[in-house]
Amino acid sequence: MNHITNLLEIDRLQTVFWNGKEDVVAVQDISFNLKAGETIGIVGESGCGKSVTSLSIMRLLGNNGRIKQGEIRFNGQNIADNSEKELRTLRGKEISMIFQEPMSSLNPVLTIGHQLVEMIQCHTSLTRREAKAYAIEMLHKVGLPHGKNLMNTYPHTLSGGMRQRIMIAMALSCKPKLLIADEPTTALDVTIQAQILELMKVLQQESKAAIMLITHDLGVVAEMADRVVVMYAGQIVESADVFTLFREPKHPYTQGLMASIPSIHGANERLQAIPGTVPSITKMPEGCRFHTRCALATNRCRQEQPELKSVAGEHQVRCWVVEEQTIPLSNIVNSRQQEASVL
Amino acid sequence: MALSPYELDEGSMSAVIPAESVKPETEDAFLKQLFTRFIRHKLAVAGLVITVLLILVALLAPWIAPNDPKEVTGVFSAPPSAEHWLGTDQVGRDVLSRLIYATQISLIVGFVTVALYVTVGTLIGIVSAYFGGWLDMLIMRITDMFMAFPFLMVILVVISILGSNMTTIILVLALFSWPSVARLVRGSVLSIKQLDYINAGVALGLSTPRILFRHIFPNAVGPIIVNATFGIASAIMSEAGLSFLGMGVQPPTASWGNMLTDAQSLTVLTDQPWLWVPPGAMILLTVLAINFVGDGLRDALDTRQ
């Protein structure tokens, strides 16, 4: 809660996209903080606004997107209205990003060495030779010991895991204070996933960088994050530290997410699924955005939009039912879902 | 390494799991692949050989031409003989020498025109696609305007105003050819700029010109090269056509086109084939050769095959 120790503060962020007729709201009322060295997990289904949130920080919103409201404070400075030029000094040096698809996030016609050296020279005053030596060292750091040979190869000759390692090397080469990882392991197979996550952890401890980890994989979150933000339909529905969230998820959506993880313990049951899909951003339901899929929805949920309210310390939930706390929520959800699966 | 912002910590290194080892390919693997694909196209190789020969002929013209192309060295309209291998023209100049010097004109017109308009078209296309919005709109409407002009008529008008010489022809041809390159480049940049590695480049803090010319341009270069190759052939044809009509390169300077002008008279056409068959054959050969090279390049650069 200390103002000074927050590296990143996002305050009531609203990002909109112009569809030719009107502004379509992609995310709204997003607020969370991130301290130096901390890892925050941002979880949610496809299309819930996870990526838009991260792209808003980097301002990679394309020609149609813009931040309409709210502030993004990095090191206490609002960067939401920064010019392209000011942003360029932050991008790569202070805030770096790793993308989902390692297969397509390296330029296919340039060598690995070229891309690394370019990145390093862009943000430091190293000479070409020094930058090269440093690039080889970075490759070594991310577990690619044959850096010298790798420098002259093109991306298509490397595997997905190796490319993601190279992306990490590029992203961390200028010691950024914040690393945004947008589904960094989604496109990799499971064994490589574990390696990459481990690598990110080790390098984080070394560089003290804060990580904003965007994922739909709760396993990855449990492994990596200190705190978790759960997003649904462009809003934060629940945020808590990772232990609290996994032990006592409050929001029906979070509970649904938890229930949909296959378990290796217990009987061989049919997987739980949350019925329905995320509403389209042009046709948001009135009231709580989750009410169309929620087993507990009341009349109030259909009419009034709930606010993100603290239930205990830093544990915040956006739900009328939780706020009213009339019934022990988890029991009802479980029994209703069992009923549904019986039917 | 003292220069490194990071100190290499052996302790933490052991915690990092190394990736599987690499068998690195050589740096020029791409070019090698391109070469093997190109070699497979026999006509393209033949075209390339002929094009190289033509370039040599143009460069070495002063040494290999038996006579001065502008000087009267024999009788009028003499048929081929030991002294004048391809005979003489209606003024008594050596046809072979004129043919050799005309190679210079054709190749200069072909290459310079294309270099000019490909550069301009590429720049305009990249800028238009990358920045988008009203700028893209404006630029594309201007290219539409240029493409809607009756090309040949405007060329004739411009040349009759500015006078006809090689420079004018090059400038006018370039002026009306850049829009097709601009549209081509715009199309490929529009698709390339959506790709992850361009976003990654922006996210890593690279400057806009660097992204445009070091990251996007190399990825769009394939179609540009192919287009340029066909452009050379078509510029050579246009020059020949204009010169044939008397609107191009003016005598006494020799060009294949103005050498053909003689064939406008029926007696030349029927009785003096040495005056028009060689320049006609040269135009045909050059254009075919360059088009085959273009075909070969297109197939070699097309990674879908």
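The expected span of a helix is 1.5 Å times one less than its number of residues. In this predicted model, helix α7 of chain A, residues 190-207, comes close to that expectation.

**Helix α7 of chain A**
- α7(A) has 18 residues and reaches 26 Å from its first C-alpha to its last, against an expected 26 Å.
- A:K208, just after the helix, takes a positive phi of about 60°.

**Nonpolar cores**
- The largest nonpolar core has 122 residues, and A:L178 and A:M212 touch the most other members.
- A second, separate core has 28 residues, among them A:V230, A:Y232, A:V278 and A:A297.
- Neighbours within four places in sequence aside, A:L178 is in contact with A:L7, A:L8, A:L34, A:F74, A:E94, A:I95, A:S96, A:A210 and A:M212.

**B:E239**
- This residue lies in helix α10 of chain B, which spans residues 208-244.
- A polar contact of 2.9 Å joins the side chains of B:E239 and B:S255.
- B:S255 is also among the residues in contact with B:E239 once neighbours within four places in sequence are set aside, together with B:I105, B:S106, B:V109, B:I169 and B:V249.

Technical notes:
Residues numbered from 1 in each chain as written. Chains lettered and ligands numbered in written order. Predicted model: local features only at pLDDT ≥ 70, side-chain atom pairs only at ≥ 80, totals over all residues. Heavy atoms only, no water. Helix = DSSP H or I, 4+ residues; strand = E, 2+ residues; numbered from the N terminus. Core = buried A, V, L, I, M, F, W, Y, C linked by side-chain atoms within 4.5 Å. Buried < 20%, exposed > 50% of the residue type's maximum accessible area, 1.4 Å probe, protein only. Contact = heavy atoms within 4.5 Å. Polar contact = N/O pair within 3.5 Å; in protein donor to acceptor, adjacent residues only side chain to side chain.
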